[in-house]
Amino acid sequence: MEINSINTEPTPHITHDMVKCGICRSEIKRGASIYQEGLTFGVVCEKCYKNNSQQDLELMANLFLAYGGYFGKLKQKRFTVYKTIKNLMAKFQPAKDLDSLIELNIKMMHQALLYGVTPQELIHGLKILINE
Ligand SMILES: [Zn+2]
């Protein structure tokens, strides 16, 4: 048999079978767990799935859809979760009425997510800070 007769098919393009997490945009490698059950938006990586409730994942996806960005986009490695939340609190002015309080909460939550703070971490951190 001649060498040329073994494979005359053109080499197929090598495709990157990678999917990005809908929350943190990390690449989900082929074969890794992809979670989608019950979620109305794309897929999430194992880490995001394990660190957040389904409700929180929905909330996060909606905030990124409305305001852009992704989880951990602005994450600063030298800042702890506590320090990040403390900085966020300093950044936002206290709300004057209920409408602005709701708006403030949404904005703060979105900012927290950009800095890589999960909704649960934010709530926990705010409780600690308020009691200080
Ligand atoms: Zn993720």
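Reader: Among contacts in the chain between residues at least 6 apart in sequence, what share joins residues at least 24 apart?

Author: This is a predicted model, in which local features need pLDDT of at least 70 and side-chain atom pairs count only at pLDDT 80 or more, while totals for chains, interfaces and linings use all residues. Residues are numbered from 1 along each chain as its sequence is written. Two residues are in contact if their C-beta atoms, placed from the backbone, lie within 7 Å. Among contacts between residues at least 6 apart in sequence, the share that joins residues at least 24 apart is 51%.

Reader: Over which residues does pLDDT stay under 50?

Author: pLDDT is the predictor's confidence in each residue, from 0 to 100. The chain averages 81, and 78% of the residues score at least 70. Where pLDDT is low, the predicted coordinates should not be read in detail. The stretch that stays under 50, for which the model has zero contacts beyond four places in sequence, is residues 11-15.

Reader: Is Arg 25 buried, partly exposed or exposed?

Author: Arg 25 sits in the loop between β1 (19-20) and β2 (27-28), and its phi is positive, near 65°, in a residue other than glycine. A residue is buried if 20 or more other C-beta atoms, placed from the backbone, lie within 10 Å of its own, exposed if 12 or fewer, and partly exposed in between. Arg 25 has 15 C-beta neighbours inside 10 Å, so it counts as partly exposed.

Reader: What percentage of the 132 residues in the chain is buried?

Author: The cut-off for a buried residue is 20 or more other C-beta atoms within 10 Å. In this chain of 132 residues, the buried part is 20%.

Reader: With which residues is Cys 48 in contact, leaving aside its neighbours within four places in sequence?

Author: Cys 48 is one of the residues that touch the most other members of the largest nonpolar core. Beyond four places in sequence, its contacts are Cys 21, Ile 23, Cys 24, Leu 57 and Phe 71.

Reader: Why do the buried residues of α3 line one face of the helix?

Author: These residues are Thr 84, Ile 85 and Leu 88. Their directions from the helix axis to the C-beta atoms define an arc. The buried residues line one face because, seen down the axis of α3, they fall within an arc of 95°.

Reader: Which residues does Ile 85 touch, not counting residues up to four places away in sequence?

Author: Ile 85 is found in helix α3, whose buried residues pack against α4 and α5. With 24 other C-beta atoms within 10 Å, Ile 85 is buried. The residues that Ile 85 touches are Ala 112, Val 117, Leu 122, Gly 125, Leu 126 and Leu 129.

Reader: Is Lys 91 buried or exposed?

Author: Lys 91 is also found in helix α3. Its C-alpha atom is 9.1 Å from that of Met 108, 17 residues apart in sequence. Lys 91 has 10 other C-beta atoms within 10 Å, so it is exposed.

Reader: How far apart are the end C-alpha atoms of α4?

Author: The expected span of a helix is 1.5 Å times one less than its number of residues. For the 17 residues of α4 (residues 98-114) that should be 24 Å, which agrees with the distance between its end C-alpha atoms, 24 Å.

Reader: Against which helices do the buried residues of α4 pack?

Author: The buried residues of α4 are Met 109, Gln 111, Ala 112, Leu 113 and Leu 114. Met 109, with 20 C-beta neighbours inside 10 Å, is in contact with Leu 63, Pro 119 and Leu 122, leaving aside its neighbours within four places in sequence. The buried residues of α4 pack against α2 (54-67), α3 (81-91) and α5 (119-130).

Note on methods
Helix = DSSP H or I, 4+ residues; strand = E, 2+ residues; numbered from the N terminus. Core = buried A, V, L, I, M, F, W, Y, C linked by C-beta atoms within 7 Å.
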